[in-house]
Amino acid sequence: MKRESVKSFPSFVIVRGGTQIMPLKSDREILENSMHEDDPNCNSSLEPGFIEKTAPRWGPQNKGAQELANLYSPGKRAQELICVYTCIALMIIDFILILKHLRFDRICVTFVSAFFGIITADFGSGLVHWAADTWGSIDLPILGKHFLRPFREHHLDPTSITRHDFIETNGDNFMVSIPMLGYLAYNFNTKSYSDIQQDFGWISYLFLLSIFVAMTNQIHKWSHTYWGLPKWVLLLQSYHVILPRKHHRIHHVAPHETYFCITTGWLNWPLEKFR
Ligand SMILES: [Zn+2]
Ligand SMILES: [Zn+2]
């Protein structure tokens, strides 16, 4: 089997005050320390025997990953089902009400607010992900099993997310968006037309924030999916509208200490720079 040689060059450089400090991760470091998701036959392996050396460390065969996956309970599944259906219903209702109230002279405010909604979702994804990766353990009551478990499982078996169905992938994130979408639906039904027009920037901000918070784990799943992605998802990834695959792989280099934002990943570079 032909093995491609891998050049070692910095994929990212931290620059402070015009001074080049150090490469964050070289392509070689990323290859050596993360799981081969796009290359199951290891054609891009660094040297013969590399796959044999690394194979037991990650993936579905990892004992820790198997134990964590077994903690997924029927009660958790029921909670996710309720959250996904409630959230989708609210998304549809709010979207129809936004279209009904959208005025051409508000387009600029709508787009700027929506953009900041997406930025906030990306920041939130990084903050929650950082906290879940670094704080507590899965032995903590309620939080450990239901909230921290998927994050810990994901590091041991990054491709497990690609085997989760839509409900398991998105249940928790859809739950977080329900209060925001519910608040918007309540406002549309209780406020006057002029009050809604006045608050339209805030409404657009909250709506896009809710949509991107809800979609974060689906976008994250796509960043680990190397086969069968729809063309429009590949297009959004290639233009970095959503989290690109190569960009997210930097987080999957042990000890998983950087690039925590997983919605669009837009804030990873500035947050790394100011760390
Ligand atoms: Zn992580
Ligand atoms: Zn990941």
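View 1. Residues 24 or more positions apart make up 68% of the chain's contacts with a separation of 6 or more; two residues are in contact if their C-beta atoms, placed from the backbone, lie within 7 Å. What you're looking at is a predicted model, where local features need pLDDT of at least 70, side-chain atom pairs count only at pLDDT 80 or more, and totals for chains, interfaces and linings use all residues. Residues are numbered from 1 along each chain as its sequence is written, while chains are lettered from A and ligands numbered from 1 in the order in which they are written. The chain has 13 helices and two strands (DSSP runs numbered from the N terminus: H or I of at least four residues for helices, E of at least two for strands).

**View 2. The largest nonpolar core.** This core has 22 residues, and Cys87, Leu206, Leu208, Leu209 and Phe212 have the most contacts inside it. A nonpolar core is a set of buried Ala, Val, Leu, Ile, Met, Phe, Trp, Tyr and Cys residues joined through C-beta atoms within 7 Å. Buried means 20 or more other C-beta atoms within 10 Å of a residue's own, with C-beta atoms placed from the backbone. Helix 10 gives the largest share of this core, 10 residues.

**View 3. Zooming in on Trp222.** Trp222 sits in helix 10 (residues 200-223), and it counts as buried because it has 22 C-beta neighbours inside 10 Å. Beyond its neighbours within four places in sequence, Trp222 is in contact with Leu229, Val233 and Gln237.

Conventions
Buried ≥ 20, exposed ≤ 12 C-beta atoms within 10 Å, placed from the backbone.
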